[in-house]
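Please open the model in your viewer and keep the sequence panel beside it. The tour below moves from one selection to the next and says what is to be found at each stop.

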Amino acid sequence: MTTARLLPLLLLLGSLAHAQTPAGQAGAVAKTVVGPANADLADGAAALRTGDAEEGVRLTRRGLVTASGQRERVAGYSNLCAGLAMLERLEEALQACNRALQLDDEHWRSYSNRALVYLKQERYPEAERDISRGEALNPNARTLKTLRAMYRDAVDPVSPSIIIDDRRGAEANESTR
Amino acid sequence: MNRPARRWLPVALLLFAMSATAAESRVTHLEDDNHERVPLNTVAPAYPAAARRDRIEGDVQVCFNVNREGRPYRIAVRSSSNRVFEKPAIRAIRASRYQPLPKDREVPAIKTCRTFRFRLESATAD
């Protein structure tokens, strides 16, 4: 059960990378930028990473006030969504995610964060839709795989079963999936 | 009685609580009574987390020798449906034990084989 409780936090932490890099720096080659462009957003992300959601939300909100450019704002709202979700302020989290997706409807991390909020709200069709959108944008994202598993566990729970077959003639069915 | 039915008739179906590695799995042990070596401590493999997450089921057959003391050795996967299950299966065999043989009995050279079937059962109440 501990794992189940920690899972949302792990998912959220996986969704914070953007604010860690200064805006416009991703993919940049020879820019000499010392320190993040928006210190509040970066510090907010760092606080969220350590699990300090209150501080993370406070700093992210402050960072959003001075955010320059769409990229920073998208990352900021997405992180705000993550932080608010950690605080179980789900309606506010949803608004932040929606805001991020209004600015950039191809931001897979925002779909991922919003899917988690929907899962917490037990709004499974919406969660599934966002997971699928995220998967289409980033098929290899581990966060989305975990969300997919959470979704499946919510709508169609399974329990593992191991059959130890010592009978003569027992063979592995190699086509089992 | 037809042959397959006769072959499966002496099957003993045992349900038992297993080791910590398989704490979250339901374990079923199927065995017949005509094996050279008698299981003493059967360890069930852990269901790999990634396979559970991705809803993958599969089978692995592992064959091995058992020494006089009942320890498996020369453990090798004979067939498997997915590699993700192979390591847990080998670990389970390595941790399992068979009844030791008395000194006056020869250790059989024939390999023992065990098939692990990893399954995911619906947990939804009917």
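Begin by selecting chain A, which has nine helices and one strand, where helices (H or I, at least four residues) and strands (E, at least two) are DSSP runs, numbered from the N terminus. Read along the sequence, the chain follows the pattern α-α-α-α-α-α-α-α-α-β. This is a predicted model, in which local features need pLDDT of at least 70 and side-chain atom pairs count only at pLDDT 80 or more, while totals for chains, interfaces and linings use all residues. Residues are numbered from 1 along each chain as its sequence is written, and chains are lettered from A and ligands numbered from 1 in the order in which they are written.

Colour chain A by burial: of its 177 residues, 44% count as buried. A residue is buried if 20 or more other C-beta atoms lie within 10 Å of its own, exposed if 12 or fewer, and partly exposed in between, with C-beta atoms placed from the backbone. Two residues are in contact if their C-beta atoms, placed in that way, lie within 7 Å; residues 24 or more positions apart account for 56% of the contacts in chain A with a separation of 6 or more.

Next, select helix α6 of chain A, residues 90–103, whose 14 residues reach 20 Å from the first C-alpha to the last, close to the 20 Å expected at 1.5 Å a residue (the expected span is 1.5 Å times one less than the number of residues). Its buried residues are A:A93, A:L94, A:A96, A:C97, A:A100 and A:L101. They lie on the same side of α6(A) because they cover an arc of only 165° around the axis, the arc being that of the directions from the helix axis to the C-beta atoms. Turn to the other side of α6(A), and A:E91 and A:Q102 are exposed there. What covers the buried residues of α6(A) includes α5 (70–86) and α7 (108–120) of chain A.

Stay with α7 of chain A and pick A:L116, which has its place in this helix. A:L116 counts as buried because it has 30 C-beta neighbours inside 10 Å. From A:L116, draw a distance to A:L90: the two are 26 residues apart in sequence and 9.7 Å apart in space, C-alpha to C-alpha.

Now show the largest nonpolar core, which has 38 residues, with A:C81, A:A93 and A:C97 among those with the most contacts inside it. A nonpolar core is a set of buried Ala, Val, Leu, Ile, Met, Phe, Trp, Tyr and Cys residues joined through C-beta atoms within 7 Å. α5(A) gives the most to this core, with nine residues. Apart from it lies another core, of 16 residues, among them A:I162, B:V43, B:A89 and B:I93.

Bring chain B into view: 42 of its residues are in contact with 25 residues of chain A. β7(B) gives the most to the side of chain B that touches chain A, with nine residues.

Finally, zoom in on strand β1 of chain A, residues 158–165, which pairs with β7(B) in the antiparallel sense over eight bridges; two strands pair if DSSP finds at least two bridges between them. Here A:S161 has B:R119 as its bridge partner in β7(B). β7(B) also pairs with β4(B), in the antiparallel sense over seven bridges, and B:C113 in β7(B) stands opposite B:C63.
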